[in-house]
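Please describe how the two chains meet in this model and what surrounds the ligand, in a form that can be read beside the structure.

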Amino acid sequence: MQYSGLRVIWEGLTGQKGWGPMWRDPAPKTTYDMVIIGGGGHGLSTAYYLAREHGITNIAVLEKGYLGGGNIGRNTTIVRANYFLPGNSEFYSHSLKLWEGLEQDLNYNVMHSQRGLINLFHSDGQRDAFVRRGNAMINQGDDAILLDREGVRRYLPYLDFDNTRFPIYGGLYHPRGGTARHDAVAWGYARGADQRGVDLIQNCEVTGIDIENGRVTGVQTTRGAIRAKKVGIVVAGRSSQVAAMAGMRLPIESHVLQAFVTEGLKPVIDHVVSFGMGHFYISQSDKGGLVFGGDLDFYASYAARGNLPMVEHVMEAGMALMPMIGKAKVLRSWGGIMDMSPDGSPMIDRTHVEGLYLNCGWNYGGFKAVPASGHCFAHLMATDRPHEAATGFRLDRFATGRGLMDEEGTGAQHNLH
Amino acid sequence: MSQSHRIDGGQIDRSRTFRFRFDGVGYNGHPGDTLASALLANGVRLMGRSFKYHRPRGPMTAGSEEPNALVELRTGARQEPNTRATVAELFDGMRAQSQNRWPSLRFDALSVNDRLNTFFTAGFYYKTFMWPAAFWEKVYEPIIRRAAGLGSLSAKHDPDVYDKGFLHCDLLVIGAGPAGLMATLTAGRAGLRVILADEDFRMGGRLNAETFTIGDQSGAGWAEATVAELASLPNVRLMPRTTVIGAFDHGVYGAVERVADHLPEPAPGQPRQILWRIYAGRTVLAGGATERPIAFPDNDRPGILLAGALRAYANRWGVAVGKRVAVFTNNDDGWRTAHDLAAKGIEVVAVIDPREDGPEAGSLRAIRGGEVVATKGRLGLTEITVRSGKGRLETLRVEALGVSGGWNPNVNITSHHRSRPVWDEDIAAFVPGAGGPPGLMAAGAAAGRLSTHGALASGQAAALEVAEALGKQATADTLPQAEDAPVNIRPLWQVAKEGRAWIDQQNDVTVKDVKLAHQENFTSVEHLKRYTTLGMATDQGKTGNVLGLAIMAELTGRSIPETGTTIYRPPYTPVAMGALAGRSRGREFKPFRLTPSHKWATEQGAVFVEVGMWLRAQWFPRPGETHWRQSVDREVLQTRKSVGICDVTTLGKIDIQGTDAGAFLNRVYANTFATLPVGKCRYGLMLREDGIVYDDGTTARMGENEYVMTTTTANAVGVFRHLEYCRQCLWPDMDVQIISTTEAWAQFSVAGPNARNLLEKIVDQDISDAAFPYMGAGNVTVCGGLRARLFRISFSGELAYEIAVPTRYGDALIRRLVAEGKEFDAVVYGTEALGVMRVEKGHVAGNELNGQTTALNMGLGKMVSKKKDSIGMVLSQREGMVTEDGLRLVGVKPVKPDGKLEAGSHFLPIGARPVLANDGGWLTSKVYSPHLGCDIALGYLKGGTDKIGQRMRAVNLLTGLDTEVEIVSPHFFDPEGERLRG
Ligand SMILES: Cc1cc2nc3c(=O)[nH]c(=O)nc-3n(C[C@H](O)[C@H](O)[C@H](O)COP(=O)(O)OP(=O)(O)OC[C@H]3O[C@@H](n4cnc5c(N)ncnc54)[C@H](O)[C@@H]3O)c2cc1C
């Protein structure tokens, strides 16, 4: 069914009777051409592009809970293409371009809002690094504008410019950066994949990966065995556990990242703002809640909940940057399990098992990657060749030292990225 | 204005009158009132507008779960949006405004949305606003944003002060109703250290809102007496106005105390709120229960309240929400409301009970098997239509309707560790499930024990269990007599009738939306919530979640437990961000670290700069200097000409001692340290495990087993932590002790041709070149006996020393050095001049040590010794890290002397387009060199060593700068290093 404004009006006039299910709930078949483990953003977009770009539709996405219940529905929704290291640059640039046509492509309003992202800097050294980054972004074909202090004040007059511990020197403005509605992204891809014949199987946990003579032959699940010629692992925070089913030990650590939303407020923050002297980034959702987050909780954990010290740390940074938010009330907090990689960048690659593919290591930044990750992973699974925008995401780069993409420069200490 | 709806009784102080304003209109109330009770007493039912349809709303509850009566409290910078009128304690002079309406609460233009409701269903926005693509940011989104949101922030800096504190106790009791009071009393009498926290300003919980008795007292009277006894126990801390917001790991609870929210404004110095981190041995959750509504058409009008709230207003606040009322209840508790109101002389026109077998009606009129099927009254309820069991329709004129669909135990905090509540058929509600926070147990209504006796008994039992677990003797005193009525309920979730029936009132989620979600296959609870926004309003689903879930269960034909439940997350009620931040904001966000010469530098009028947590002198302007460059150039030139002094205390200093100290250094540094003789220092390069350069600095051997390491300012903490990790985790067998001495020593660099001459005037020992050669290090004394450390090292490329004295002598030393330096025209220089001199010498610093570069990139590849193993050595030799065409550190000079350079610019070949393929690297640091008379820079250039002498462009696309440059050696000044050894 095609969605449109007219359709909304028509259904309104006729009692909303015409809307069908957004996706089916099929029972799993015993055999598929391909199985995608994980019904998060990346798994769903992979299935969508496999069907749309490569005509492969005999696919199942196996999700242990409900579709979109993992990190795709827990993030702070920032979408940007402001990476500066080769490998990342071209990938996120590719992703942003896919975002820019996503609503029309999916026929689903994911509310991708290019409201502009401003990264603040607070010292000469930080400015120099942002100038380097901004130039890399433009060289890549993306957009960046250097703002001085007064430039920042024009956009963000509510920041504390006078009584601050770390004065605001300026900011790097990325006008095409912004946010999107996270659930809608999952649902839009799910609906698109389902419409093209992909089976989305919920409440179906993969418990084993079947391998014969070095080839994958299928998976074991809580809803029975499913055979498949190719299997893609796209399980974010659970990557190490699922890859272990195929005898792999991934260089991934799972950590908790918390996020927060306040009660609804009338528009007050129009951009995405990120603080350079404390981990803090914030935007305001279309519903009016301030959505923000900060650092990892620092210890490896699968608990999907955070602790108070990091809550305080995040709020302190927020209040230091924009003391007008003191009377905004935090409504909810939650945690997601982050698949932290040694260089802070992801992997989209084959594995030592033939027919088994891996997509992981998204850290705290895989939301913006959802379109390109699915697009490139689908390409890899369908053609066995990496997509040109994702040639850098090799699993062996840690062994060879070639093409490491440590944007933060913190090294193979997962919790510091 | 008269308090037209005030009746007798209640716990308000009628001897005093408060004046307050709501939307500019003045009213009277009393101490003990909330804003909502006072407005209701004045006959005001309309207090807000809903989120989506802008429906007129009044309070639905009398507590913190209130979804409708949200107002902006106070004005100016203290304006607080989304304040629940139902818990806002009235004070004299209070000012409140309604919100999310325009132009006024009574006439809200956006209530047109309500007319358009047939289109604005759940999730309609996912299906439209897609065309044309460019319209989203420009047209649709701005309109949506403006219509959305509730109250407004003032956009001014929050002027209030917030505080934080820690508390420790054996037992934390959350909630001061009968269960919590009894638990506290039992544990308190047994001598346990107990904290009793309650969000209300008056302890007693439901007892304050009820008429029943405990023993021979009224419930409220018993509560008051018990609180009085508890107040007399030194081991019990009573914390009213304190909300426990979350259960975190290891028995840590967050709690927010509202210290001054009930005052017009905080007294000077008084915090508005305090965040308490409570470390509790055990916890009893006695947080009570929350009533839930029933879905029937137009069940959201001002004047329709939960039945328990209706009687709370009457019993606790002496307010008749309406003079003619009805009650709609599917359980016996709703009848209490009818009886209590009738006893207060309020006209109860009917009790509508869908059950045929409800309790005895007494003198009340019961409509058994009945349901409310319609309501009227645009800005406040005027009538309801009731369908009797026999199907007869009847219209009743009422001002208020009390609705009870049953009570949900407040299990929220039990699921903060993601434990799922379980369904209890008997009370038709969720009760705490297994796997809650360790050490926490629920009691009273929170545990599903909904009678007063049940609350007292379970509170006592919980306390006894805690006492026993903690090895304390507690006695089970005889419980006072209290009602023990069973929960008689027959679930009724929705009234089958055309029309819109609200589930989540604030977010305007109706039964139709749940149906639509079902139709579109959003049937899992989480999908239901996310698609319809059910439970995402400011009440966090406290009023609507279970109802919505139950209706979904009816639609799918599954049971409620099969349908599931969403779990609750902190905070229990929304918390001001200011409270969670406390005092760490503004200038107090992070502490300042001041150097030992700070006072002196301030006297000199130095300009300071933040370097991490430090404040360092950036330059020292002299009279007549109008531009910072004049000061910096002078400092550089004078240092190189004669002598300059700089405070370098901020560099990390780590004392390393033990018989294995040398071997330890050999492992943590990439270059060899085993051969360093006593009395010498050496430049050390430290790699990370992944082979990337981590830090650099000099380390001196002060004695056989004594070393002093210096680190960069930026990495001082990180390196220390790294060394601790190595020592404790990697090589626990090594005999190595380390201590950070960064704060213990004041250290100054003395550099320039006259450095030795100056130092000779204060150092007591012989420091001639022979006695103290280049890279010498040792303990000396200065000024006639003060112990000091001296290192002959140089960052500036000059003959230079660093001299360190115990920090308390730092101020004296700078003054002495300056005084003695007069004869040499010594200057004191700041970080800018330091930076200029290090770039002139091609030394790497923060911008080059950016955590992404190898020793090879820096031109220091030879320093990584392969003769020994050290951290990072193996991985630094990975094939991808030793490529010849990799980045190399180079120097950069503009071809034309007046050409400008900017750090961060990228290298492009001459004539090449700025695209990634042509990108050759970037400029890391740029300074103006007064010696070369032009801008100079360092940079990383692909294959840079082979490009020395070539020309390229340094392009900054952000500023439009495009300068032709020559690639040179990074050693701009004195490349042979002759001055060093002078
Ligand atoms: C608090 C927070 C803030 C963030 N902020 C941002 C941001 O602002 N911008 C940004 O770009 N990114 C952000 N991210 C990161 C981003 O959300 C993730 O990188 C991305 O969503 C991960 O990919 P995914 O959507 O496929 O993961 P998920 O949604 O987690 O999907 C993985 C799925 O695999 C399923 N699964 C796991 N094991 C199995 C099994 N054995 N069998 C079957 N199914 C299984 C899981 O149930 C899950 O649904 C944030 C993340 C968090 C937690």
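In this predicted model, 97 residues of chain B are in contact with 88 residues of chain A, two residues being in contact if their C-beta atoms, placed from the backbone, lie within 7 Å. On the side of chain B that touches chain A, the largest share, six residues, comes from α3(B), and among the other elements that each supply at least two residues are β14 (252-258) and α9 (511-519) of chain B. Helices (H or I, at least four residues) and strands (E, at least two) are DSSP runs, numbered from the N terminus.

The chains also meet through strands: β16(A) and β31(B) pair in the antiparallel sense over two bridges, where pairing requires that DSSP finds at least two bridges between the strands. A:K329 stands opposite B:A576 in β31(B).

Around the ligand there are 39 residues, of which A:G38, A:G40, A:G70, A:G336 and A:G366 come nearest; a residue is near a molecule if its C-beta atom, placed from the backbone, lies within 6 Å of it. The largest share of this shell, three residues, comes from α2(A).

The table sets out both groups by class.

Residues are numbered from 1 along each chain as its sequence is written, while chains are lettered from A and ligands numbered from 1 in the order in which they are written. Because the model is predicted, local features need pLDDT of at least 70 and side-chain atom pairs count only at pLDDT 80 or more, whereas totals for chains, interfaces and linings use all residues.
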